[in-house]
Amino acid sequence: MNKRNFSLLLLFTSLLGIPVFVCYEILNKLDAKSVNTTQVVQNKPQPIKKTPEEWKKVLTAEQYRILREAGTEAPNGKAYQEFKHQGAGTYFCAGCDTELFSSKEKFDSRCGWPSFYDPSKAKNVTTTVDWHLGYPRTEVRCAVCDGHLGHVFTGEGFDTPTDKRYCINGTVLKFVPAEASVKSLKDKPGHTHKAK
Ligand SMILES: [Zn+2]
């Protein structure tokens with residue numbers, strides 16, 4: 001190869017290198033963008049942590065037993081009777097005011113506890129396997145305060161879109177009727193916080 005041809009080859013390869021570099025940069029940026037989008041979608045609620053003493057200050061004894069000690073309210077209790085007569089509205093966690101369920105997913109399973117076929121905000125609810133009764137059940141917890149809410153059962157044949165029954169302790173749900181604002185939650189008479 002003579003000197004001129006070598007110079008032309010060098011020029012050609014360096015010109016080719018620019019678009020390759022540009023493409024590489026664009027692909028890199030696109031990749032970074034898709035990673036960021038995934039992070040936003042998977043953005044999990046920030047957990048709230050309190051000591052047992054702090055929880056006892058904001059919960060009734062029964063709410064504490066259910067939320068913090070994975071207790072279960074008696075079937076067909078006061079909270080369930082109220083639940084049956086509640087109209088359109090939203091159900092919030094009694095421990096941390098996070099939205100969990102809504103009347104849209106509520107159904108009458110006649111099991112004695114409030115039933116929903118799905119959470120209204122899936123990211124606010126977590127599930128784990130619990131062996132408290134010697135066989136596996138899927139426990140439902142609040143994703144924010146990690147409070148025990150109840151259990152979810154599948155394949156029971158209910159005529160609902162998911163065939164799931166979120167069997168939830170009504171004692172640890174705060175109901176806010178559709179017409180009331182979240183701001184007035186704490187001023188509502190009959191809310192489930194312990195009276196001071
Ligand atoms: Zn909570």
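Me: Okay, two residues are in contact if their C-beta atoms, placed from the backbone, lie within 7 Å. Leaving aside its neighbours within four places in sequence, what is L100 in contact with?
Reply: L100 is in contact with Y91, F92, C93, P119, S120, K121, N124, V125, C142 and L149, once neighbours within four places in sequence are left aside. Two notes before we go on. This is a predicted model: local features need pLDDT of at least 70, side-chain atom pairs count only at pLDDT 80 or more, and totals for chains, interfaces and linings use all residues. Residues are numbered from 1 along each chain as its sequence is written.

Me: Which residues have the most contacts inside the largest nonpolar core?
Reply: L100 is one of them, along with C93, C142, I168 and V172. That core has 32 residues. A nonpolar core here is a set of buried Ala, Val, Leu, Ile, Met, Phe, Trp, Tyr and Cys residues joined through C-beta atoms within 7 Å. Buried has a cut-off too: 20 or more other C-beta atoms within 10 Å of the residue's own, with exposed at 12 or fewer and partly exposed in between, all with C-beta atoms placed from the backbone.

Me: Which elements each supply at least two residues of this core?
Reply: α3, α4 (78–85), β1 (89–93), β2, β5 (137–142), β6, β7 and β8 (173–177) each do. Those labels are DSSP runs, numbered from the N terminus: helices are H or I with at least four residues, strands are E with at least two. As a general point, nonpolar side chains tend to be buried together in soluble globular proteins.

Me: Start with β1. How many of its residues are buried?
Reply: Four of its five, which leaves β1 mostly covered.

Me: And what sheet has the order β2-β1-β8?
Reply: An open sheet of three strands, with antiparallel pairing. β2 and β8 stand at the edges with a single partner strand each, so one side of each has no neighbour in the sheet. The twist averages 30° from one strand to the next. That angle comes from axes, which are lines fitted to C-alpha atoms (for helices, over the stretch in contact), with angles running from 0 to 180 degrees between N-to-C directions.

Me: How many bridges between β1 and β8?
Reply: Five, in the antiparallel sense. C93 stands opposite L173 in β8. Y91 has F175 as its bridge partner in β8. Two strands count as paired if DSSP finds at least two bridges between them.

Me: How many join β1 to β2?
Reply: Three, and the two strands run antiparallel. F92 stands opposite E99 in β2. The hairpin of β1 and β2 has five residues between the strands, and D97 in this hairpin takes a positive phi near 65°.

Me: Now helices. Which residues are buried in α3?
Reply: Q63, Y64, I66 and L67 are, within α3 (residues 61–69). The cover over the buried residues of α3 includes α2 (52–58) and β6 (148–154).

Me: What comes just after α3?
Reply: A70, with a positive phi of about 55°. A70 is not a glycine. It lies in the loop between α3 and α4. A70 is partly exposed because 15 other C-beta atoms lie within 10 Å.

Me: Where is N76 found?
Reply: In the loop between α3 and α4. N76 also has a positive phi of about 55° and is not a glycine. With 13 C-beta neighbours inside 10 Å, N76 counts as partly exposed.

Me: How far apart are the C-alpha atoms of R110 and N76?
Reply: 9.1 Å, although the two are 34 residues apart along the chain. R110 sits in the loop between β2 (99–102) and β3.

Me: Why does R110 count as exposed?
Reply: Because it has 8 C-beta neighbours inside 10 Å.

Me: Last one, P45. Where is it?
Reply: In the loop between α1 (3–41) and α2. P45 is partly exposed, with 15 other C-beta atoms within 10 Å. P45 touches T98, K123, N124, A143 and V144, not counting residues up to four places away in sequence. C145 is 100 residues from P45 in sequence, and 9.8 Å from it in space, C-alpha to C-alpha.
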